[in-house]
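Please open the model in your viewer and have the selection tool ready.

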Amino acid sequence: MIPLGFILADLRRLWLGALAIVLLIALATALGMAVQLQERALRLGSARAADRFDIVVGAAGSETQLVLSAVFLQAAPLPLMDGSVLKALAEDPRVAYAAPVGFGDSFEGQPIVGTIAAFAREAGGGALSEGQVFDALDEAVVGARVPLALGGVIKPMHGLPGEGGHTHSEIAYRVVGRMAPTGTPWDRAILVPIEAVWRLHGMGDAHAWPRRVEGEAEHAHGLGGDSDHLGSPWPQATPGVPAVIVKARTIADAYRLRAQYRKPPTLAVFPAEVLVRLYGTLGDARLLLGGIALGAQALVIVAVMLVSAVHLAQRRAQIAALRALGAPRRAIFALVWSEVMALVGAGAMLGAGLGFLAARMVATQLTRQSGIVLPVEFAPEDLVFLALLLGVAALAAMVPAVMAYRQPATIGLSA
Amino acid sequence: MPDLSLEAVRVSFPGLAAPALDIPALHVAAGTRLAVTGPSGAGKTTLINLIVGLTRPDSGRIAWGETDLASLGEGRRDRFRAAHVGLVMQNFHLFAGLSALDNVLLPARFWSLRLDPALKARALALLERVGVRRPRQKVETLSRGEMQRVAVARAVLMRPDVLVADEPTASLDAEAGDAVAGLLCALAREQHATLIVVTHDARLVARMARHLTLVDGRIVADVPVARADGAAEAAQ
Ligand SMILES: Nc1ncnc2c1ncn2[C@@H]1O[C@H](COP(=O)(O)OP(=O)(O)OP(=O)(O)O)[C@@H](O)[C@H]1O
Ligand SMILES: [Mg+2]
């Protein structure tokens, strides 16, 4: 038996060294933990974000760029695809809906995306959380995290978020609905009719844009009225769009559609597929980081064992005295082993907590920047990681413990 | 309470020409108060290590009654020591951070998870007996004299058959040393334990019944202590 009070008194007496060891182990553990948690959060978060989009069709070019722009709304100019593609997709019987996504403007750093009303509903999971979908050129539906109330006014700024540019004075959108939260970049998007984006940029029947007279309010309702309707069926001369998000009726349809639109001049991808490829690249970075974290842990454990071995040399007298007083050898072994493990265990627990907090902080920051909600959560895998760490430590702690066990006990040693 | 007998005991250390200890025969009757003296390096501590089972001789028998420590393995000797031996060392070897009481109880804690309440009561009584007034005081804050008294209480806690002390008074001033010496003798008598004391302290030797002198690992004198200072004995 090892008296707990004795261990506690021992650790309290050596608190500075004990604290240093606990912190060292905690930091090494936190590093590994944070890398692991963050990577999983990124994977889960982006997979969930891509989940809502079956197929993305765009002009031939980079698949990754297409997904990053259309799904994650990363500001980057995409080549335009001929408008006939949108029309064909919209009228394809295999398609549930084909939503164009048109970029070009922003409002206070939030992207304005031109699309169709159905998508404003579908992208948010089938229902709006507030208000209704847009039904006129100057109406907008905002993402869940856009800080605008219903009735709020949006003056679009030309250029992608962060690019700067001039304010369009021709139009101001009015917020008529809010999407349900999705945990994706779309939570920060402002959805407007694609026709409005076209007109604003002089595409399609731009002439139909009514010139503004002096003043402000007069544009509000007159705009939508003079254009026939919004969305599909699209006119013969549909203007070009950078990307179309397609929901197929069946899985088989999805594969057929992707095959059909894969050939130039278009490009069709399953976002999940592109993400997996991206993870492959990310995975290398993670492996490297994970390796560094593991190396740090191994070094720390070796350091801890060295320290305890050196420390043990200074405790020979104490251990000899315990033996002289009748402590059995296994108690000495258990004593040294428990003390090392108490420190390693405390460090590992603290490190897991610190790693979690660090991953959470990074995730929160990323969410603020991208809108992608990154779920930082523990998984069985993390327990395995901790168990592995403790297992290695338990083995390593045997070294000083065995040294103590084998140390000859004589009174003469006492000094 | 068994007698101690050594037969043909030899201990050599590598690098030393002569054996550190060479005792053809020694018999110590149960209950004896034995003083061991001799110059530094004479083998006194070596002898003590043998008779409490911390080390084994190169050859010979070290028997407590029927139990020959020289033939027991480390685990059995550990158990023997825990059950039969109480030890007091020159540098006390109390454990900082623990109270006087916890120090006294420490040896018992190594053998059982739950502490017998009777044992705790005994520890408190012993601390009172040796004159440590505040059993909950952290041991590192005690005076040196008090520390050694705590060590004495610890040594007798498990009712040992033999009390062994290596220079118990050497790091104390005369007054504290005297008090500790008196306690050792009194407790050994009360507990009916054999008392074996290694010492340079003439006043401690005077309290003993038998006086063994070691030189270069050999017994050069083995005499009863003169009753001249029997008065001191009686005065206790
Ligand atoms: N582990 C050891 N290895 C080598 N030599 C040793 C060892 N232990 C003791 N010795 C030697 O054996 C001899 C007897 O030592 P011991 O400690 O028994 O002396 P002592 O009588 O207790 O001396 P002191 O009064 O200084 O404590 C000494 O010469 C010592 O150097
Ligand atoms: Mg000695």
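Select Glu74(B) and Arg323(A): their side chains meet in a salt bridge, with 2.8 Å from N to O. A salt bridge here is a side-chain nitrogen of Lys or Arg within 4 Å of a carboxyl oxygen of Asp or Glu. Between chain A and chain B, three salt bridges are counted.

The model is predicted: local features need pLDDT of at least 70, side-chain atom pairs count only at pLDDT 80 or more, and totals for chains, interfaces and linings use all residues. Residues are numbered from 1 along each chain as its sequence is written, chains are lettered from A and ligands numbered from 1 in the order in which they are written, and side-chain values use heavy atoms, without hydrogens and water.

Next, show both sides of the interface. Chain A contributes 26 residues to the contact and chain B 27 residues, where contact means heavy atoms within 4.5 Å.

Now select strand S4 (residues 59–64) of chain B, which pairs with S5(B) in the antiparallel sense over two bridges. Strands are DSSP runs (E, at least two residues), and helices are DSSP runs (H or I, at least four residues), both numbered from the N terminus; two strands pair if DSSP finds at least two bridges between them. Within this region, Trp64(B) stands opposite Thr67(B) in S5(B).
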